[in-house]
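Here is a walk through one protein model, written for someone who likes to know which cut-offs sit behind each word. Have a look at the structure, then read on.

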Amino acid sequence: MTYVVTDACIRCKYTDCVEVCPVDCFYEGENMLVINPSECIDCGVCEPECPAEAILPDTESGLEQWMEINAKYSAEWPNLTTRKDAPDDADAMKAEEGKFEKYFSPEPGEGD
């Protein structure tokens, strides 16, 4: 089992989860984070740290698309191991629906 980041992260990109991850398995895109499923040790410490509740265990149903996205982009985007400030509008974006269709970007972030 592993954890996955879902569309709730898009345009929120809180990095509280990165700060507590013992294996540095988060990767940064332009407007969201993903978890590398091969590196995640299933410790679960990241899940309660996410203010957007975007991190879920892969055992929950309906996450197939997000498991693929996390695997694909964690191989392409740079590793992020330190906390960064969230975007200014992150709190306003938390509850928005349909963020993948509206805002997802395959572009990499800056990483560390």
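Is Asp 42 buried, partly exposed or exposed? Asp 42 is partly exposed, with a relative accessible area of 29%. For the terms, buried means under 20% relative accessible area and exposed over 50%, with partly exposed in between (1.4 Å probe, protein chains only).

Before going further, some housekeeping. This is a predicted model, where local features need pLDDT of at least 70 and side-chain atom pairs count only at pLDDT 80 or more, while totals for chains, interfaces and linings use all residues. Residues are numbered from 1 along each chain as its sequence is written, and side-chain values use heavy atoms, with hydrogens and water left out.

**Two positive phi angles**

Back to Asp 42, which sits in the loop between β3 and β4 (55–57). Helices (H or I, at least four residues) and strands (E, at least two) are DSSP runs here, numbered from the N terminus. The phi of Asp 42 is near 60 degrees, a positive value in a residue other than glycine. Lys 13 is another non-glycine residue with a positive phi, near 45 degrees. Lys 13 belongs to the loop between β1 and α1, and at 11% relative accessibility Lys 13 counts as buried.

**Salt bridges**

Lys 13 also turns up among the charged pairs: Lys 13, Glu 28, Lys 84 and Glu 110 are linked in a network of salt bridges. A salt bridge here is a side-chain nitrogen of Lys or Arg within 4 Å of a carboxyl oxygen of Asp or Glu.

| Pair | Closest N to O distance |
|---|---|
| Lys 72 and Glu 76 | 3.1 Å |
| Glu 110 and Lys 84 | 4.0 Å |

Arg 83 lies in the loop between α2 and α3 (90–93) and Asp 16 in helix α1 (residues 16–20), so the pair ties together parts that are 67 residues apart in sequence. Arg 83 is partly exposed, at 41% relative accessible area.

Now for the bridge between Glu 110 and Lys 84. Glu 110 is in the segment after α4 and Lys 84 in the loop between α2 and α3, so this pair joins parts 26 residues apart in sequence. On accessibility, Glu 110 counts as exposed at 70%, whereas Lys 84 counts as partly exposed at 23%.

As for Lys 72 and Glu 76, both partners are partly exposed: Lys 72 has a relative accessible area of 43% and Glu 76 has 46%.

**Helix α2 and what covers it**

In helix α2 (residues 64–74), the buried residues are Trp 66, Ile 69, Asn 70, Tyr 73 and Ser 74. Seen down the axis of α2, these buried residues fall within an arc of 110 degrees, so they line one face of the helix. That arc is taken from the directions from the helix axis to the C-beta atoms. What covers them includes β1 (3–5), β2 (26–28), β3 (33–35) and α4 (99–103).

Tyr 73 is also one of the contacts of Phe 104, along with Ile 10, Asn 31, Met 32, Trp 77 and Lys 99, not counting residues up to four places away in sequence. Contact means heavy atoms within 4.5 Å. Phe 104 is in the segment after α4 and is buried, with a relative accessible area of 18%. Phe 104 and Met 32 are 72 residues apart in sequence but 8.0 Å apart in space, C-alpha to C-alpha.

At the other end of the numbering there is Thr 2, in the segment before β1. Thr 2 counts as buried at 7% relative accessibility. Leaving aside neighbours within four places in sequence, Thr 2 is in contact with Ile 35, Pro 37, Cys 40, Leu 56, Pro 57 and Asp 58.

**The cavity**

How many cavities of 30 Å³ or more does a search of the whole structure find? The search finds 1. A cavity is a set of points on a 1 Å grid over the protein atoms alone where a 1.4 Å probe fits but cannot get out, and lining residues have an atom within 4 Å of a point. The largest cavity has a volume of about 70 Å³, a volume being the space filled by probe spheres set on the points, which are joined across faces, edges and corners. Its lining includes Tyr 3, Phe 26, Cys 40 and Gly 44.

Terms used
1 Å grid on protein atoms, 1.4 Å probe; cavity = no way out; pocket = protein on both sides within 12 Å on 5 of 7 lines; lining within 4 Å.
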